[in-house]
Amino acid sequence: MSTLKEVLYEKIEAHRPRVTRLLKEHGNDVIDKVTVGQVLGGMRGIKSLVTDISYLDPMEGIRYRGLTLPEVFEKLPKPQGKEMPYVEGLYYLLLTGEIPTESQVADVIYDFSNRRLLPRYVFDIIDAFPNHSHPMAILSAAVMSMQRESMFNTRYQNGMSKMDYWDPTYEDATNLLAKLPLIGAYIYNKLYVGNTNVFPEPTLDFGGNFAYMIGKEAPYDDVSRMYFIIHADHESGNVSAHTGHLVASSLSDAYYATSGMINGLAGPLHGLANQEVLRWIQDVRMKMGNKKPTKEEMKKFVWDTLNKGQVIPGYGHAVLRKTDPRYAVQREFALKHMPDDELFEYVSMLYEVVPPILKEQGKAKNPWPNVDAQSGVIQWHYGVKEYDFYTVLFSIGRAFGVLSNVIWDRALGYPIERPKSITTAMMEEMVGIK
Ligand code: CMX
């Protein structure tokens with residue numbers, strides 16, 4: 001057993017009695033109430049999910065296992081001479097709640113590198129997609145095609161104790177995570193480069209290897225590490241995390257769950273917003289004939305978008321009420337490495353212009369930028385200009401959080417999800433409408 005798996009098992013054993021006690025002694029205690037507005041408003045804010053892997057405070061932003069993003073970046077071990085930590089170390093942190101030592105990270109890197117290769121049929125599935133297919137659809141199908149590899153499924157068919165569910169789920173999750181960079185890189189190279197003869201470099205870590213496989217030089221390896229880490233988790237209620245959890249709750253395996261989460265992430269109100277930001281900025285640029293707009297001109301573009309009944313991509317959030325720290329981490333990186341980048345200047349101008357306009361319009365509860373407002377511009381700067389691809393990068397990062405949660409869901413025996421629905425007439429009756 002790997003060190004990570006051993007430590008994880010100890011954590012699981014220690015945690016299980018807490019859930020048993022809560023259920024047994026406090027199963028009927030009330031922790032929230034539900035309003036009509038919440039039920040009709042996408043269940044916003046209802047406390048109905050449990051995860052210990054991350055917590056999203058509306059004002060402070062995300063914490064992974066109690067750590068803010070700057071703390072995560074500071075504490076996790078980094079490759080020598082690099083600014084950003086190993087993604088493999090993040091997996092250790094998300095699963096166990098502990099910062100790994102150098103040697104514990106080395107162990108995870110070694111384990112991942114042994115799980116990287118893809119079955120031939122996955123390349124064939126990707127190749128079979130017609131031109132102009134969206135890379136998120138290809139990614140989802142590629143992951144789905146590997147469902148036949150599921151160890152959970154095989155062991156379940158052979159009869160397995162509930163107490164052991166987490167073990168093959170861990171194996172499936174780790175196998176899949178280790179393979180995602182090659183799947184992503186193959187899709188990139190097939191769709192945009194035309195060279196599919198690229199394979200992992202065994203000496204490189206997760207982020208470094210991804211950068212290598214899509215042909216990007218340093219500091220793009222650090223961009224990859226940063227990108228995968230900041231996108232990994234955002235507690236359990238967002239569409240991608242919730243979909244992964246929901247699908248897995250029926251004991252569908254990690255492949256089904258991950259494909260489902262990818263499909264949810266592909267929506268423009270969620271992960272696809274990062275490509276929408278780039279599309280929106282390019283549109284502004286084109287309308288300006290490549291001349292940088294003045295602040296007044298930029299304000300007009302923002303109002304024009306709102307007046308057409310469209311959203312400003314990259315702004316607003318269902319939970320956050322402040323600038324997203326994932327935006328701030330990327331902004332800091334951009335200020336250091338690409339302060340004079342033209343599109344970064346657009347993004348900076350939008351940061352000044354959009355929040356007051358959204359406040360003036362008075363609809364969005366959060367006028368501040370989210371992660372997606374900044375991420376595409378960094379990719380663009382380093383030569384990943386195919387913005388359709390950005391949500392694939394988001395997916396690879398998000399898979400770490402979703403799959404860590406699925407492993408813990410299995411370990412703690414969380415049941416199949418099944419909220420109750422009612423009819424509109426029932427709701428009207430409940431609130432006294434005749
Ligand atoms: N531009 C214009 N209007 C916005 C807005 C924005 N960026 N953000 C919210 N609004 C509007 C909503 O569309 C809604 O309008 P209606 O009352 O007409 O339906 C109103 O303000 C209230 O919405 P809200 O409660 O503030 O926001 P929600 O929780 O419903 O939605 C989100 C959150 C992210 C979908 C929304 O802010 C949005 O559409 N943002 C733009 C898309 C985006 O950046 N998505 C990425 C989010 C991060 C991620 O998941 O990747």
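This is a predicted model: local features need pLDDT of at least 70, side-chain atom pairs count only at pLDDT 80 or more; totals for chains, interfaces and linings use all residues.

Student: In what order do the strands of the open sheet lie?

Tutor: The order is S1-S2-S3, with antiparallel pairing. Strand S1 (54–57) and strand S3 (67–68) each have a single partner strand, so they stand at the edges and one side of each is left without a neighbour in the sheet.

Student: How many bridges join S1 to strand S2?

Tutor: There are 4 bridges between S1 and S2, the latter covering residues 61–64. To see the pairing, find Ser54 and look across to Tyr64 in S2. Asp57, in turn, stands opposite Gly61 in S2. The link from S1 to S2 is a hairpin of 3 residues.

Student: Which way do the side chains of a regular strand point?

Tutor: In a regular strand they alternate between the two faces of the sheet.

Student: How many bridges join S2 to S3?

Tutor: S2 and S3 run antiparallel and are joined by 2 bridges. Arg63 has Thr68 in S3 as its bridge partner. The hairpin of S2 and S3 has 2 residues between the strands, and in this hairpin Arg65 takes a positive phi near 50 degrees.

Student: Now the domains. What does the domain assignment give for this chain?

Tutor: The assignment gives domain 1 (3–94), domain 2 (109–271 + 389–411) and domain 3 (274–381). Consider domain 1 and domain 3, whose C-alpha centres lie 29 Å apart. Here 12 residues of domain 1 are in contact with 12 residues of domain 3.

Student: What area is buried between domain 1 and domain 3, and which atoms give 76% of this area?

Tutor: The buried area is about 960 Å², and the 76% comes from carbon and sulfur atoms. On the domain 1 side, Pro58, Met59 and Glu83 supply 42% of the area buried against domain 3, more than any other three residues.

Student: Which residue forms a salt bridge with Glu83?

Tutor: The partner of Glu83 is Lys336, and their closest N and O atoms are 3.5 Å apart. The rule finds 1 salt bridge across the interface of domain 1 and domain 3. It also finds 3 residue pairs in polar contact across this interface.

Terms used. Residues are numbered from 1 along each chain as its sequence is written. Side-chain values use heavy atoms; hydrogens and water are left out. Two strands pair if DSSP finds at least two bridges between them. Domain bounds come from an automatic or database domain assignment. Contact means heavy atoms within 4.5 Å. Buried area is the accessible area (1.4 Å probe) that two parts lose on being put together, summed over both. A salt bridge is a side-chain nitrogen of Lys or Arg within 4 Å of a carboxyl oxygen of Asp or Glu. A polar contact is a pair of N or O atoms within 3.5 Å; within protein, one must be able to donate a hydrogen and the other to accept it, and residues adjacent in sequence count only if both atoms are side-chain atoms.
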